[in-house]
Amino acid sequence: MAGTAGLLLLPPRTLPAISIGTMSALQTFMLVVEHDKEEAKRIAEGVAQDVESKKTTLIETVQSLGEYINDEDPILRGKAVSFLTAVIKALPARYLSRQQIQVLTTFFCDRIEDCGAIAGLETLQALERFTEALANEVAQALFSNFQDLQARSQSQRFQVYQLLNELMSRHRAALRDMGDISLVGIVDLMTGEKDPRNLMLVFSVLRVVMVEWDISNHAELLFDSVYNYFPITFRPPPNDPYGITAQDLKGRLQDCIAATSQFAPHAIPSLLDKLDSTSPNVKKDALNALIACIHSYDPNTVSRYSITIWEVLKFEILNAQEEFLSESSQEVLKGIAQRLSEGVTEASQELPLAQYLRPITKECNEQLQEPQQKQAKPAQQILSSLSAASAIAFTIIVQTVVAPIFTIYQEADGMVKQRALLETLVVLFDSAVKVFGEWTTRGGETIIENPLLEFKDQFSDIFGQALMGAAKEEVSFRVTALKGFLRLSTLRDFFQDNEIGLLIQYLDEILLKEESVGRGDLQKESIAALAEISKHKPRLIVDITFPAFVATLPDKDEGLDSSYLSTLETLAQISVERDIFETLFRRLFSKLSILLQKDQPGSVAYPRAILMTLLYVMQQRKMDQDPNVDLYFDKVVVGLCRSVAASASGKAKNQILNDPTVLHFLGRLCNLLVRSVSIQKQEQVAENVYSLFAPAEEFVPVPFAQTTNVDQERTIIISTYLLAGLSKDCGPRIPHTSPDMSALLADISRRSVSNTTEPATHLAFLRHQALLANKFLSKQDLSIAENLFDALVSPDPSMKQQVLSPATIRTVFWLSKALVIRLAPTTTHILTSLLALLSSVDQQTSTTAARGFSILLSDDDVLSTTNGAIIRLLSKQRVFTTVIPLISSCIREVNIAGSNESDPSTKTPDHIKPAHLTALAGIISTISTALVMPELPTLLPLLLQSLDLQTAESVAVRTATLDTLAVIIRDNGVVVIDQCGHVQSLVRRLLKTTTAAVPGSGAVNTPRLRVDALNCLFLLATRQSPSNNAPAARPPPSLSPLLPVKNQVLRSLRAVLDDPKREVRKAAVDARGAWLRDVDDAPEEED
Amino acid sequence: MEMQNSNPTILNAADLPTRLRPTARKPDHVGIFALPSLSPDFLPEASSDSEDENLLEEPIDEQEIYDIRVVLILDLISDHADLIATISDPEHPISLGELAVVSLPDISIKPTLPNVPDSPLKTVTVLITPTITHCSLATVIGLGVRVRLEQSLPPRFRVDVRIKEGTHSTGDEVNKQLADKERVAAALENGALMGVVAKMIETCR
């Protein structure tokens, strides 16, 4: 036992009399410390209290250890030292005197290798009276006693590092003053550490040394101490409780490598060497470390290595093996340019930045000699990242690159080459936008002038010429030119307004005069360009494009030429900005007003298109924030509604406002505006929801009208949209709602049940009724709607089987929808009543009701949250879980009855099973698969039975089923199907659905169905593991559940490759390819 | 592997031949002018593809071979990823279409038995243009095209893949290998070779 201090050398026999209490406390402590930490702690606290209350002294406590601390057994020694540590820990923070701390520190330092001493020192060093000199002493003790540290256990090493880390944070100056001694000591102590938890500490301690110590004598030693760990290949074990990732370690290591410029001579060559590695991950780590170094080292150091780095990295970019390596390399190069731009205010060829960029631009210029070849792309990318680094870098690059490009462009022998050159210029323009901003960019003006200004006229000429002078078929060439011109037009402080105006005129000409070529890419880009310019220079669009476009709009549609549609569409795309929209509204509204006054207005398609255009633009804008919204409200909601009323009463000049599609779009426009105006205006609307702002003597509102004609009834379309837009608070203002809504609901319901209305009007009645029941009916009054439901669904309760007309069934379902989505108390009753309709012996009742289930939960434009409908979050789940077991058991009954053929009386009609499957498909198509999954074992057999339906009527059901299956397979993989044990039966049915109709078989598989079935097969093969972002650990090798059917699938699909429809063949190629590629054969025996 | 041609010319993906969608549809029913269904019926009566359209046959043609079955594409740039133009070149992560190794005019479909007009048998001929005349990978590319076609064409098609005349220094030799059923079969047994081919075809989607 080495290094024992005088006081403690006393042999046990010579110890002075010791109080029995303390003696037994130590012994008890030593007995329990291993298995009962709490008890041990309590014992130590008791002793601490005795010390505090002067029942015993600290000296006595120390002396009591004497018997054990020289024992041969290190465990006994450790326990004894731990006892002292525990007592000290339990003492109040300010109890120990400076001298006591000093004695204890010396004691622990002597005993530093014993268990508990490190913890004792950690406690002491945190005390206020702990001195710098003691910190020095502790550090020395650590350095001289732990040469063998790496041979000790991980937790012991961790304690040592932890103590060092604490000393670093509390007594850093003391350690730093030790200079090279602490530097070398710390490095020696930590060298060879391998545990990730410890390394996290090691790296952070070393980084402090790197940054704060004078390391000039030992830079390489320090660098090597961390660089030895590069690259980090650590992979955390599964369920790692410490949660340290490779990325955490990489991050700390990278911080160390980048800690000081003095590492540069070692770090940069070493990291560049690592780029020779064959592992992309190693290269990536090296590049990331380089990026960190460049951001942290001082600019002079960066400059010294800049060209060396370029020379290595250029290969990574020009011959990129992996896209991400090329990107990281570009980031390195860009980082260098940014550092070298710091503090530079003027471009000059003497700058370190210019020297760095010179070989780069030279290389790029060479590659760009043949700009259509493969390596021109990386050259473009290099220019792109470097020129975006700073205004100065941009300037230097433009000065050396643009003129040569002009020369090659003039001499270019083909359009392919010219286009590649234009693309290169566009890349530079993109950088210009990043460096100098756009017209709409706020702040950040650069001090230096945009170097592109020097070439402004040449750009304007070249791009204008390429856009308008090239042959019309050269679409991609012209699109490139357009993009370049557009960039320059949005670039801040570049073009004058008249120069941007020139581009606008070109675009107008393309859109108004040219026939579209190919897919119409040029036209699409032109519209997008005008829309982009409208954000920056709205005035120019209003002044140039508007007059030109509006002038081409006809007075009316004679049915010969519908080119006004594309004009309107373009206007719609470019009119989102406020000023432009105001102009658009004024121009189009006056066109519409003129049309409404004409005796012979031509096709309604034109006024309808005008309304659609206005609607489209308003949907893109925030109308409730538009200061002109009241004006639009007065013109459209009040003005046009009044015209609708007049038209319905036969007092209009023409029939435009009697057309249901026109009313539909006018209605949506009104709906949007009603939602955007104040509550006062909404109350006016509520009062006029049926009268449509018309005087009573001129128009009879629909509800309670004794006699109505179709024109008059049709106004319910407008009324419905107005009602939908109203806030719930306006409810009491709606006519006929006092004392309650029963009369109004009954009247609307009566009208929607009547079979005489035209479809659009009928739909409006259905929605109107649903809106009233869902949104405006108070909770207390819900029974009104529920009674109405009962009266509709079983008009004669004495009849066992109901026969209902389709119009009645629609009314019933829309009313149910309104009640179910707000989770009315009778939801279950409603659903069971609806399901009962499916079992009706009347086939029409059954099949119509079956199809109704698809609207129960579907999203509706009118009954929507936007319009303030009450839609409870849990309604979908509630409906699904109520309906599924009922449908499932009903189908089981039908199946059993069907198999019992001896007794024809139990035979159910043939339409009942398909009806239930249709209802099921309808529900499933409107809910998310997350809700479906828990029910899958019940559901899957039903879905498979749906696929067995072969008739033409079942196409919709089967399509919905295949859609559901596709989503289930895509999100959850084959596994879930396999768990239900249905893989083979599913595959068999899918294959059956992929075959085109066989004449005479009666089976109908439309192309859409065949494609959907093939898509499911494709997904089966590609989703064999549950998720695609699978964890690194591969699942244990097992045979694919698809293997037994692989040959059957490949054989069947070979025939589908000859399907008459191309779309189907394409899907078959993909599905077959996936099965060939992804469904692994059984591993061969000899493997 | 040392690159044989590190800087080939690349065609712009937008300029590759594509099948244009029929423009016959009424222009007033698309884009922002699409008309909604105003029927109160629960399900649309007729599915979007009408009966007539469903019966219309679309025979396999050259564009389809180019698109879906032969062009090997790495990038899923477009929605017209068709058959072969999407196969990748083993040296470059670029599609054979973009490298013009496979081009539309060099694909032909002819009746295998011109004297039997009713025979459904057809022969697809694909001519390959290597990016350089001494490209040693021409055989592998040819094999890739061949495998892709055999996997994705119905059995009544015969596949004939050849190097375009005058585009390769040992074109005849390569053609002999590609036409030799035994040697093709042997090549398909070769794990390493099939790995390269599988990698090429992987991008065909």
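Modeller: Let's start with a kink: H19(A) bends by about 30° at Arg358(A), and a proline, Pro359(A), follows within four residues. The bend is the angle between axes fitted to the seven residues ending at a residue and the seven starting there. Keep in mind that this is a predicted model, where local features need pLDDT of at least 70, side-chain atom pairs count only at pLDDT 80 or more, and totals for chains, interfaces and linings use all residues. Residues are numbered from 1 along each chain as its sequence is written, while chains are lettered from A and ligands numbered from 1 in the order in which they are written.

H19(A) covers residues 352-367, and its end C-alpha atoms sit 24 Å apart, which agrees with the 22 Å that 16 residues should span at 1.5 Å a residue (the expected span is 1.5 Å times one less than the number of residues). Helices here are DSSP runs (H or I, at least four residues), numbered from the N terminus.

Now, what's tucked in? Buried residues of H19(A) include Leu353(A), Tyr356(A), Leu357(A), Ile360(A) and Cys364(A); buried means that 20 or more other C-beta atoms, placed from the backbone, lie within 10 Å of a residue's own. An α-helix has 3.6 residues a turn, so residues three or four places apart point the same way. As for neighbours, the buried residues of H19(A) pack against H17 (299-318), H18 (323-341), H20 (376-387) and H21 (391-411) of chain A, with contact meaning C-beta atoms, placed from the backbone, within 7 Å.

Leu673(A) counts as buried because 25 other C-beta atoms lie within 10 Å. Leu673(A) and Val636(A) are 37 residues apart along the chain, yet 8.4 Å separates their C-alpha atoms.

How values were computed. Helix = DSSP H or I, 4+ residues; strand = E, 2+ residues; numbered from the N terminus. Buried ≥ 20, exposed ≤ 12 C-beta atoms within 10 Å, placed from the backbone. Contact = placed C-beta atoms within 7 Å.
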